[in-house]
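Morning, everyone. Please look at the screen while I talk you through one protein and its ligand.

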Amino acid sequence: MRRISIFGSTGSIGQNTIDLIARAPQDYDVVALTGGHNIAQLAADAKLVNADIAVTAFDNHLDELRAALAGTDIKVAAGQAAISEAAARPADWVMSAIVGAAGLAPGLAALEQGATLALANKESLVCAGALVLETAARHGGRLLPVDSEHSAVFQALTGEDIQSVERVIITASGGAFRDWPIEALKSATLAEASSHPNWDMGQRITIDSASMFNKALELIETKEYFGVTPEQIEVIVHPESLVHALVGYDDGGIMAHLGPPDMRHAIGYALHWPERRKLPVARLDLAQIANLTFKAPDDARYPALRLARAVMQRGGLSGAIFNAAKERSLDAFIAGQIGFLDMATIVESVLERFEAQPGLIDAAITLDNVTQTDHLAREWADLEMKIRAG
Ligand code: NAD
Ligand code: MG
């Protein structure tokens with residue numbers, strides 16, 4: 001039996017992971033599940049998979065969680081520290097599916113105890129790529145990509161030499177606003193940004209897909225995970241979301257990865273790796289699909305891509321700054337405080353503020369420094385918003 005834990009089990013990736021686990025309960029010994037506000041879901045899943053412990057990120061939900069699991073022998077806990085403690089419990093395979101920089105510390109704790117970390121939480125690599133990779137290497141832990149594009153690149157690299165890779169191409173659906181006139185983006189509403197043409201995902205990543213901040217994070221994630229140069233990484237808009245990534249080799253050959261837009265493929269691949277097992281995802285009917293279309297991304301429509309390229313060049317803690325400013329701007333957009341296009345403007349201003357103090361960007365990539373920088377970047381994003389509001 002494999003011991004597994006799921007961080008962010010109540011979210012979109014978490015629920016897809018539970019779906020796979022619950023199909024073969026005899027194969028898994030579930031150690032920890034963690035969630036946030038959705039205590040009913042967390043408790044129901046903890047019972048379903050008979051977890052050892054269920055943890056909510058928020059202290060004020062502890063009593064509710066305890067009540068929901070009364071009469072079972074499932075332990076309960078609350079708070080960020082409790083989540084990292086749960087990640088330190090021995091497990092063979094850990095799903096990192098918390099959204100945002102909050103996923104970094106538990107992911108590191110899981111790697112430190114030698115677990116294989118299935119990484120949906122791209123923010124970990126964006127904020128602290130070198131630290132995550134180094135922690136995995138030091139403790140013999142393994143990192144498997146779950147983001148669909150990165151799982152696709154990983155699969156297209158199987159049996160190949162990374163030295164012979166010429167280019168890595170990740171696809172983007174283009175999000176909710178791909179066909180909107182650019183002038184209309186200014187007044188795009190939360191509801192409009194929260195619907196994705198192809199994928200069913202959490203609200204934050206769905207909005208990040210509309211703004212391409214998601215693809216921006218994925219550019220950085222690609223550089224960190226695969227160790228390729230920024231110049232080798234391309235983004236192509238592919239509205240059908242069936243080709244997830246392509247790897248081009250020195251001889252001109254390109255390996256493409258295709259699959260249905262269902263995250264259970266990438267999750268299941270990471271769950272069973274290095275084996276391939278049957279997964280409950282749709283099979284593509286290519287004759288019926290008939291056409292696959294591709295288009296270069298428009299930098300004017302998607303400033304996030306340009307910012308991500310600058311971050312990749314700058315290195316250091318600029319990824320943590322970029323992500324934190326993005327998270328804070330996204331909070332403000334969701335709260336109706338700023339417009340859709342303001343998000344990129346604020347992130348760019350925060351990056352410029354840090355650029356004036358290079359010592360902060362070039363500090364060592366440790367968990368403490370990343371956390372402090374993350375907090376400061378959020379403060380400066382708030383300041384930028386205040387200045388703008390006049
Ligand atoms: P989601 O919003 O559906 O779920 C997020 C999970 O994190 C929930 O369990 C929530 O309770 C928990 N959480 C939220 N804030 C937290 C905090 N401060 N501390 C601890 N836990 C917290 O998100 P999602 O769409 O499942 O995405 C999860 C991660 O996977 C993100 O990093 C996202 O970029 C990545 N990802 C998602 C998809 C997808 O299809 N949804 C695809 C690729 C990558
Ligand atoms: Mg992705």
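What distance separates the centres of domain 1 and domain 3, taken over C-alpha atoms? The answer is 27 Å. Keep in mind that this is a predicted model.

Let me step back to the layout. The protein is divided into domain 1, residues 2–145, domain 2, residues 150–289, and domain 3, residues 315–389. Back to domains 1 and 3. Their contact takes 11 residues from domain 1 and 10 residues from domain 3. Together the two bury about 750 Å² between them. Of that area, 72% is on carbon and sulfur atoms. Which residues matter on the domain 1 side? Val 126, Cys 127 and Leu 131 supply 49% of the area that domain 1 buries against domain 3.

Now the ligand. Where does ligand 1 lie? Domain 1 and domain 2 both give residues to its shell, so ligand 1 lies between them. The shell has 24 residues. Thr 10, Ser 12, Ile 13, Gly 36 and Glu 123 are the closest. By class, we have 11 nonpolar, 10 polar and three charged residues. Three helices each supply at least two shell residues: H1 (12–22), H4 (80–88) and H6 (122–139).

Next, some polar contacts. Thr 10 has a polar side-chain atom 2.7 Å from an oxygen atom of ligand 1. Gly 36 uses its backbone: a polar atom there is 2.8 Å from a ligand oxygen. Gln 80 places a polar side-chain atom 3.0 Å from a nitrogen atom of ligand 1. And the cover? On its own, ligand 1 has 820 Å² of accessible area, and the protein covers 87% of it.

Key
Residues are numbered from 1 along each chain as its sequence is written. Chains are lettered from A and ligands numbered from 1 in the order in which they are written. This is a predicted model: local features need pLDDT of at least 70, side-chain atom pairs count only at pLDDT 80 or more; totals for chains, interfaces and linings use all residues. Side-chain values use heavy atoms; hydrogens and water are left out. A residue is near a molecule or strand if one of its heavy atoms lies within 4 Å of it. A polar contact is a pair of N or O atoms within 3.5 Å; within protein, one must be able to donate a hydrogen and the other to accept it, and residues adjacent in sequence count only if both atoms are side-chain atoms. Accessible areas come from the Shrake-Rupley method with a 1.4 Å probe; for residues, only the protein chains shown count as cover. Helices (H or I, at least four residues) and strands (E, at least two) are DSSP runs, numbered from the N terminus. Ala, Val, Leu, Ile, Met, Phe, Trp, Tyr, Cys and Pro count as nonpolar, Asp, Glu, Lys and Arg as charged, and the others, Gly among them, as polar. Domain bounds come from an automatic or database domain assignment. Contact means heavy atoms within 4.5 Å. Buried area is the accessible area (1.4 Å probe) that two parts lose on being put together, summed over both.
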